[in-house]
Amino acid sequence: LPRVVLDTNLLVSYLLTQGKTISRIIAHWANGDIEVVVSPAIMEELVEVVRRPRLSRQMAVDPQILIDLLSSEALHTQSNLAFPGASRDPKGDKFLACAVEGAADYIVTGDADLLSLGKFHTVQIVRPAEFVQLLIAAEGAE
């Protein structure tokens with residue numbers, strides 16, 4: 001199974017909009033087609049962001065459901081690795097560290113600083129729509 005690190009912004013966007021692309025990625029996860037990898041830093045950031053009063057009022061989905069799902073169903077890294085300065089934006093470094101430590105195949109993000117890397121170690125960094133296309137192609141190949 002492909003292992004994937006999902007950017008916090010994508011997860012928040014799913015909670016806010018239930019957008020088609022991120023919803024498809026979450027559905028693939030629910031169907032067992034991919035494995036999602038998270039780190040303590042990513043979980044912490046997600047919890048912090050969804051608790052912001054301005055955002056919590058706009059949620060289309062109860063964020064606790066996603067947090068519980070990530071807590072119980074995702075693969076958790078220990079955060080033993082760090083790559084300070086690997087990304088132009090220090091906030092992106094935690095995704096790179098999580099992906100390498102969790103032996104992820106992909107980081108799925110809309111973040112330009114991460115996308116500009118294209119690849120980090122053996123991890124491909126792709127946009128959500130591109131990742132959905134890869135999943136569709138993989139299904140067709142089965």
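**Entry 1: a salt bridge to start with**

I began with Asp113 and Arg88, which form a salt bridge whose closest N and O atoms are 2.7 Å apart. For my own record, a salt bridge is a side-chain nitrogen of Lys or Arg within 4 Å of a carboxyl oxygen of Asp or Glu. Asp113 sits in helix H7, while Arg88 sits in the loop between strand E3 (75-76) and H6, so the pair ties together parts that are 25 residues apart in sequence. Helices (H or I, at least four residues) and strands (E, at least two) are DSSP runs, numbered from the N terminus. I also checked the surface: Arg88 counts as exposed, at 60% relative accessibility. My cut-offs are under 20% relative accessible area for buried and over 50% for exposed, with partly exposed in between (1.4 Å probe, protein chains only).

Before going on, I noted what I'm looking at. This is a predicted model, where local features need pLDDT of at least 70 and side-chain atom pairs count only at pLDDT 80 or more, while totals for chains, interfaces and linings use all residues. Residues are numbered from 1 along each chain as its sequence is written, and side-chain values use heavy atoms, with hydrogens and water left out.

**Entry 2: other salt bridges**

How many salt bridges does the structure hold? I found four. One of them joins the side chains of Arg3 and Glu35, at 3.3 Å from N to O. Arg3 belongs to strand E1 (residues 3-6) and Glu35 to strand E2 (residues 35-38), so this pair links parts that are 32 residues apart in sequence. Arg3 is partly exposed at 25% relative accessibility, and Glu35 is partly exposed with a relative accessible area of 25%.

Then I looked up Glu45 and Lys94, whose salt bridge has its closest N and O atoms 3.3 Å apart. Glu45 is in helix H3 (residues 40-50) and Lys94 in helix H6 (residues 93-101), so the pair ties together parts that are 49 residues apart in sequence. Are Glu45 and Lys94 buried or exposed? Both are buried.

**Entry 3: the sheet**

Next I traced the strands. Six of them make an open sheet in the order E3-E2-E1-E4-E6-E5, with mixed pairing. E3 and strand E5 (119-120) stand at the edges with a single partner strand each, so one side of each has no neighbour in the sheet. Two strands pair if DSSP finds at least two bridges between them.

E1 and E2 run parallel and are joined by two bridges. Arg3 turned up again here, with Glu35 as its bridge partner in E2. E1 and E4 also run parallel, joined by three bridges. Val5 has Ile107 as its bridge partner in E4, and Leu6 stands opposite Val108 in E4. I jotted down a reminder: in a regular strand the side chains alternate between the two faces of the sheet.

**Entry 4: the cores**

A nonpolar core is a set of buried Ala, Val, Leu, Ile, Met, Phe, Trp, Tyr and Cys residues joined through side-chain atoms within 4.5 Å. Which residues of the largest core touch the most other members? Of its 32 residues, I got Leu6, Leu70, Val108 and Phe131. E1, helix H1 (8-17), helix H2 (20-30), E2, H3, helix H5 (63-73), E4 and helix H8 (128-141) each supply at least two residues of this core. Apart from it lies another core of 16 residues, among them Val5, Leu96, Ala104 and Phe120.

I then listed the neighbours of Phe131, with contact meaning heavy atoms within 4.5 Å. Leaving out residues up to four places away in sequence, Phe131 touches Val4, Ile25, Ile34, Tyr106, Val108 and Val126.

**Entry 5: helix H5**

The buried residues of H5 are Pro63, Leu66, Ile67 and Leu70. They cover an arc of only 100° around the axis, which puts them on the same side of H5. That arc comes from the directions from the helix axis to the C-beta atoms. These buried residues pack against H1, H2, E2, H3 and E3. On the face turned away from the buried side, H5 carries the exposed residues Ile65, Ser72 and Glu73.

**Entry 6: Thr109**

Last stop: Thr109, in the loop between strand E4 (106-108) and helix H7 (112-115). Thr109 is buried, with a relative accessible area of 0%. Its side chain makes a polar contact of 2.5 Å with the side chain of Asp7. A polar contact is a pair of N or O atoms within 3.5 Å; within protein, one must be able to donate a hydrogen and the other to accept it, and residues adjacent in sequence count only if both atoms are side-chain atoms. A polar atom of the Thr109 side chain also lies 2.9 Å from the backbone nitrogen of Asp111.
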